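Me: I am new to this structure and would like a close look at one part of it. Please take a single helix and describe what surrounds it.

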Amino acid sequence: MKNPMYQVASLLLEKLLLLANLRLCSEGPGAAEEEAKPASSCDATRFKRGDLLEVPRTLFVHFGIYLGDNRVAHLMPDILPAFTDDQRQIQQVVTNKRLVLGVLARMARIRVDTVEDFAYGGSILANHMDEAFPSKALCEEEVARRAEKLVGATAYSLLWNNCEHFVTYCRYGSAVSFQTDKFCETVKMIIRDQRSVLASALLGLASIVCLGLAPSTTLPTIIIPFFLWMAG
């Protein structure tokens with residue numbers, strides 16, 4: 001039986017997404033989501049144990065380590081282990097609701113899934129990061145053993161501990177995320193833009209004058225971007 005707290009949290013999230021008319025990029029289907037799973041074009045026979053696999057998606061790239069025998073270890077945000085110890089439920093492919101709640105709760109698992117479930121219909125690239133990473137890849141068996149040792153619950157951070165950090169640690173010995181670095185550089189560019197500072201200042205002043213919000217509430221929207229811009 002599903003935990004009632006999990007059901008309530010899932011229902012609230014579902015209603016919020018419905019009101020916002022937001023379609024999230026799916027990490028996979030689930031029993032609670034009756035969605036047709038697209039046919040996968042991946043062929044596990046072309047992968048070797050220890051390969052770094054990546055699946056480009058609309059807004060991000062998902063990463064995993066191939067363990068052999070059609071198995072992939074990958075880090076996924078997941079809230080369900082906080083509500084149940086039933087491994088049969090936990091091992092089901094992570095749904096959108098489980099994933100988003102896991103991100104918010106900063107909970108994740110390094111799990112092992114089939115290549116098809118990992119790809120979810122996407123095209124898989126193998127060892128594509130070898131060209132960009134400054135360090136040489138470790139031997140395939142060492143990469144796979146590192147991934148297998150880390151399987152289980154772990155903390156999650158979108159910036160400091162995501163699926164890319166996991167695979168780069170396993171394959172190259174250093175936990176790095178190029179996606180995170182790119183995101184941070186984009187944020188820095190926005191903060192350093194004088195137009196962003198001006199827009200923040202106008203928004204803060206408008207909140208004080210038109211909405212009657214307290215200056216103590218709105219001044220940070222003016223001061224923080226200004227100092228960050230000056231520091232940059």
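Reply: Arg171 is buried, with a relative accessible area of 5%. That value, like the rest of this description, comes from a predicted model. Arg171 lies in helix α6, which spans residues 163-172, and this helix is the part to look at here.

Start with the contacts of Arg171. Leaving out residues up to four places away in sequence, Arg171 touches Gly50, Asp51, Leu52, Asn127, Asp130, Lys136, Ala137, Leu138 and Val143.

Six strands make up an open sheet with antiparallel pairing, in the order β5-β1-β2-β3-β4-β6. Its edge strands are β5 (125-126) and β6 (152-155), each of which pairs on one side only. Strand β4 (residues 107-114) and β6 run antiparallel and are joined by four bridges; in β6, Ala153 is the bridge partner of Arg109. Helix α6 lies across β1 (52-56), β2 (61-68), β3 and β4, and runs at about 40 degrees to β2. Another helix, α3 (residues 96-105), lies across β3 (71-77) and β4, at about 60 degrees to β3.

Helix α6 also takes part in the largest nonpolar core. This core has 19 residues, and Leu52, Ile65, Leu75, Ala147 and Phe166 touch the most other members. Two or more residues each come from β2, β3, β4, α5 and α6, with α6 giving the largest share, five residues. For Phe166, the contacts beyond four places in sequence are Ile65, Ala73, His74, Leu75, Ile110, Ala147 and Leu150. A separate core of 10 residues includes Ala44, Phe47, Tyr66 and Val72.

Aromatic rings come next. The whole structure holds three aromatic pairs. In one of them, the ring centres of Phe133 and Tyr172 are 4.0 Å apart and the planes are at 10 degrees, so this pair is stacked. Phe133 is in the loop between β5 and α5 (140-150) and Tyr172 is in helix α6, so the pair links distant parts of the chain, 39 residues apart. Phe133 and Tyr172 are both buried. Ring pairs also bring in Phe178, giving a cluster of Phe133, Tyr172 and Phe178.

One further ring remains. Arg146 lies over the face of Tyr169, 4.7 Å from the ring centre.

Conventions
Residues are numbered from 1 along each chain as its sequence is written. This is a predicted model: local features need pLDDT of at least 70, side-chain atom pairs count only at pLDDT 80 or more; totals for chains, interfaces and linings use all residues. Side-chain values use heavy atoms; hydrogens and water are left out. Two strands pair if DSSP finds at least two bridges between them. Contact means heavy atoms within 4.5 Å. Axes are lines fitted to C-alpha atoms, for helices over the stretch in contact, and angles run from 0 to 180 degrees between N-to-C directions. Buried means under 20% relative accessible area, exposed over 50%, partly exposed in between (1.4 Å probe, protein chains only). Rings of Phe, Tyr and Trp (its six-membered ring) pair if their centres lie within 6.5 Å; planes under 30 degrees apart count as stacked, over 60 as edge-to-face and the rest as tilted. A charge sits over a ring if NZ of Lys or CZ of Arg is within 6 Å of the ring centre and within 35 degrees of the ring normal. A nonpolar core is a set of buried Ala, Val, Leu, Ile, Met, Phe, Trp, Tyr and Cys residues joined through side-chain atoms within 4.5 Å.
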